[in-house]
Structures are given as C-alpha cells and as structure tokens.
Amino acid sequence: MSLLQLLTALTPVLAVFLFLVVLRLPATRAMPLSLVLTFGSAYFIWQIPVMHLFASIIEGWVIALGIVIIVLGAIVLLNTLKASGALQCIRNGFTHISPDRRIQAIIIAWLFGSFLEGASGFGTPAAICAPLLVALGFPPLAAVTVALIADSTAVSFGAVGTPVLVGITQGIDQSSNTVIRDVVMNTVTIDLVVSTFIPLLIACLLTGVFGEKRRWRDGLAVFPFALFSGIAFTGSAWLVAWLLGPEFPSVLGGLLGLALAVPAAKIALFKPKTNWDFEQAAPLESSLSDTVEKTLASPSNMTLTLAWLPYILLAVFLIISRIEVLPVKAWLTQYSFSVSNILGSGLNASITPLYLPGTVFIVVALITVWLHRLPLQQAGNALRHSFSSLVPTVIALGASVPMVRIFLNSNVNAMASPSMPMALAEQAAVYLSEYWIFAASFVGALGSFIAGSATFSNMMFASFQQNAALQSGLDQHWVLALQMLGANAGNMICVVNVVAAASVVNLIGKEGQIIRLTLGPMLYYCVAASMVAWAIM
C-alpha cells in the first residue's frame, strides 16, 4: 500500500479527529466536510465507481433514519417526563438513595445503563442515562461523557448477546459452541480485572474535570463503593456467562448489580465520609432542551413509583421485544422499510421501524401521557419541540453515516484492493505481528469508532483477528476476546453514538469536546485489556 493509499484509507478517521477534536467544529459542519473529503479520496485514489459511492450514501441515509428515530424517541420521552413533573420527582427521590453525585453516576450510568445495553443495545443506554443524569442536576457535558464511558463493558453482550451471536459467530471461520464459549469466558475474565475499575474512573473524571476544585482524589475517595459496584456487575456477568452463555450477562448482570448497589447506597455502605456535588447543580428547567416550556408540573401529587414507572415499562417492553422465544420480535420485525440493489450496486439497506428502541420510547411516552394525566396541550408541545430540536442531528447523522458506509463498502474498486478498514488492519498486521496481543484491541476499537457498532466491528474483523493470531502464534480465543473488548472501547468515541447522545441533551456542537474526554478511558480499556491477556497467556 502506497503512502497516498494509506492516507486515503485513514481519511475518515483523520478527518473526524481534525475537524471535531482539533479544530473543534460542530458536527453539523465537521461531518459534511469529512464526507466530502472521504468521497473525493475514495473516487480519485481508491478508485471506487461513482455510482457505488452514491449508492453508499443512499444506504447511509436509510441507516441514519433508524438512528434519528431512536434519538427522536429518546427526546420525546424525555420532554414528556419533564412536562409531567416526573423528572423533578425522580430528582427529589434520588436524594433518598444518595445525594453523592459520584454514587448517582455509578448507579445510573454504570449499572442501569448496563442493564439497558443488555436489553436493547442500539445506543439506548446513552440516550436514556444521559438525560436522566441531567435531570438529577449533572452538567450536560458531564452526563453525556459519563454515559458513553459507562456504555462499554456491557456492549460485549448487548442486545441479548448480538455482538457474540451475530458478530463473532458470523465473522469467524469454523465457529463452534466450544470456540464461542471460550471467547465469551475469556472476555468476561479480562473484564473482571479491567472493567471493575471503570466506576472508579468515572468518579475520578467527574471530580477531576467537572468538580469545583478539579481534584482527582475526590474521585478516589469513593473507591470502596466504586469497586463494590464494579464487581457487582462484572462478577455477576461472569457468573451468568458461565452458567447461561452470551445472551444474558449484561441484562442479568445489570439487574443483580442494581440489586446490590442500591441498597448499599441507601444504608451508606462503603460510602465516603463526605458527599460530593458539583459547584452548582444544573437547574432542571435550563439543563434540558431549551425549546420545552419552562413551567414544570408540580410533582407533589406524583409518587416516586409513578414517576419511575415509564422507565420500568421501557425496560420490560425492550426485553420482551428482544427475546427470540417470544412471538413479539417476529411481529415487530415483519414490517420493514428497505431499498434493494441501490443504483444497481448490489447494496441493500433496510430498517424495521417497529423494532427500533425509538419506537418503544414513543409508545412509552404516549402511555406516560395517560399515566401522569398530562394535558394534551402540554403533550403536544413536548412532541412539537422534540421534532424541532432534531434538525442539527439530521444534518450530522446524514453526513456521518454515509461517510461510514463509503469506508465500509470500499472493497468495490478498480485496484482490486480490500475495503479500507481491512487494508488498514492488514497493514497493521504486517508491522505489528510480533506485538499483536497489544494491537488486537485497537483494531476492534477502529471498527466500532467508524461503523458505530460493536457487532459490525466483530463481523468485519473477527476472521482477520483469527488469522493474525495464527500467524503470530497466539491463542485465537484470547485475540478474539480482545477484538470484542476493543469494540466495546470504540463505542465510547464512536461518532454516531456521540452525535446521538449529545442531541438528546441539547449539546450539538460539543461533539469534539466529548470525544476528547472519552478518548482517555477508551485508551485505558484497550491497553489494560491487552496487558491482562498478555499476563494470562
């Protein structure tokens, strides 16, 4: 591969970091510019046929539509709960569990978020947990950063095991139940060491970046509770994986973790000596969507159970719709919007609107209108303002997702070259074969960063990782586990996830700042996972 071809393959990655992270442009400008650069270099240097490029753009728009529906659903539910006074009630009630912001972040983002990831995937945890943290008084930037970092470990078994059952199983050669089980157990074993410390990392980031005194040691003060919560999830997930397989470690691990951590917080078990809070908690009226009416319904007549009921219904509906043995999934997925053989390219794209989490969000929001006796005028205002806040999101996703599809579909070219991500991975293997145990996780992270999906990263790179392991004399089961863990880490900085999460809490334009904050934890995850695998092997 020539230097020019290497730079072309790196264009989507370099462009995103240049425009978003270095120049700090908003995603509404950075992503269209990145798309133009990727399109031009793909046509002139990678020699992809122009019709194939346009077909990839159309394919990307169809996929982006599904993501927009998820974002819309999250915003509609958020604004409905705000208008009914439920968020204010939840905010007041959470002080009975713990007024400490470090503990609140761990319970909501790490444990509740892990449960949501296991039940649904599709970016649901960040879309739900970030606004919930904002409702509790977290600054929006802190809420989004924490939600993205926390939505990592559980991704291995998100959406009822999809990254394994679809990603790894379809991605490797000669898969078997024994191979899959070994990969799964290696993954959760590494996480017992690495991910157990993510709650502590979250607490330190909160105090070190967003605290009044910017002191990391304020985060370290919550070490006992953070470690307890970390083990509550990773230990439970390990046990569930060993007993039941890859479908339920995140779902049941999150539930068991909540069952352990919430009572511990209530009785102040492992609690630090002093509570920690931001310099000034963000007022609920101004911290969420500015377009929603400022007047909140009084929560005085609402019980805490009634306020939480929409979230409980959301969790139940998501689980029911994802379990294969129930007929609900088949009913929801039989209706799809699809485009076949786009512009004669052979590319196909489809979404199943009823199966998307966003549709579940909207259904729960409608139920909430009835449950909370919300006047129809206020409900209509919440819906209308939710739509009006989507414009920047549509622009950002309408450019970023097509850019990703061009990158992934680049195997069709006049040079007979592999796709850009595969070419980059092969180039890395040439120079890093002796150190592949330390490179494997970063390949998985590259897949998630660009594709926006750990499942797709696993499908794209699992076979390559298998071959790289054999050529390097490494155990393929450990290398495939690092692929999965790297894909989890890439989820923290994935552009699509960042744009979607930022949209829900009205942070469009801050995407680069979010990525700068999540990049460090992403590097920790990849490096620490590689070190643990190296030590065990």
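Thr-80 sits in helix α3, which covers residues 50-84. Leaving aside residues up to four places away in sequence, Thr-80 touches Ala-365, Thr-368, Val-369, Leu-374 and Ala-382. Please keep in mind that this is a predicted model.

**The chain as a whole**

- The protein chain is built with 25 helices and two strands.
- Its radius of gyration is 22 Å, close to the 24 Å that the globule rule gives for 537 residues, so the protein chain is as compact as a globular protein of that length.
- Of the 537 residues in the protein chain, 60% are buried.
- Taking contacts between residues at least 6 apart in sequence, 79% join residues at least 24 apart.

**Surface and charge**

- The protein chain has an accessible surface of about 20200 Å², and carbon and sulfur atoms account for 66% of that surface.
- There are 22 positive and 20 negative side chains in the protein chain.
- The centres of these two sets of charges lie 12 Å apart.

**Helix α13**

- Helix α13 runs over residues 249-266, which makes 18 residues.
- From first C-alpha to last, α13 reaches 25 Å, close to the 26 Å expected at 1.5 Å a residue.
- Buried residues of α13 include Pro-249, Ser-250, Val-251, Gly-253, Gly-254 and Gly-257.
- Further along α13, Leu-258, Ala-261, Val-262, Ala-264 and Ala-265 are also buried.
- The buried residues of α13 pack against α5 (101-119), α8 (158-171), α12 (223-244) and α15 (304-322).
- Just after α13 comes Ala-268, with a positive phi of about 60 degrees.

**Helix α8**

- Helix α8 spans only 17 Å between its end C-alpha atoms, whereas a straight helix of 14 residues would span 20 Å at 1.5 Å a residue.
- Among the buried residues of α8 are Gly-158, Gly-161, Gly-167 and Gly-171, together with Pro-163.
- Ala-159, Val-160, Val-164 and Ile-168 are buried in α8 as well.
- The cover over the buried residues of α8 includes α5, α9 (177-194), α13, α15, α22 (454-472) and α23 (476-490).

**The loop between α10 and α11**

- Arg-214 lies in the loop between α10 (198-210) and α11 (216-220).
- Although Arg-214 is not a glycine, its phi is positive, at about 50 degrees.
- Arg-214 has a relative accessibility of 47%, so Arg-214 counts as partly exposed.
- Glu-212 is found in the loop between α10 and α11 too.
- Glu-212 has a relative accessible area of 52%, which is over the 50% cut-off, so Glu-212 is exposed.
- Glu-212 and Asp-277 are 65 residues apart along the chain, and their C-alpha atoms are separated by 8.7 Å.

**The loop between α19 and α20**

- Ala-416 belongs to the loop between α19 (391-408) and α20 (420-432).
- The phi of Ala-416 is near 60 degrees, a positive value in a residue other than glycine.
- For context, most residues other than glycine have a negative phi.
- Ala-416 counts as exposed because its relative accessibility is 72%.

Note on methods: Residues are numbered from 1 along each chain as its sequence is written. This is a predicted model: local features need pLDDT of at least 70, side-chain atom pairs count only at pLDDT 80 or more; totals for chains, interfaces and linings use all residues. Side-chain values use heavy atoms; hydrogens and water are left out. Helices (H or I, at least four residues) and strands (E, at least two) are DSSP runs, numbered from the N terminus. The radius of gyration is taken over C-alpha atoms; the globule rule is 2.2 Å times the number of residues to the power 0.38. Buried means under 20% relative accessible area, exposed over 50%, partly exposed in between (1.4 Å probe, protein chains only). Contact means heavy atoms within 4.5 Å. Accessible areas come from the Shrake-Rupley method with a 1.4 Å probe; for residues, only the protein chains shown count as cover. Lys and Arg count as positive and Asp and Glu as negative; His and the chain ends are not counted. The place of a charge is taken as NZ of Lys, CZ of Arg, CG of Asp or CD of Glu. The expected span of a helix is 1.5 Å times one less than its number of residues.
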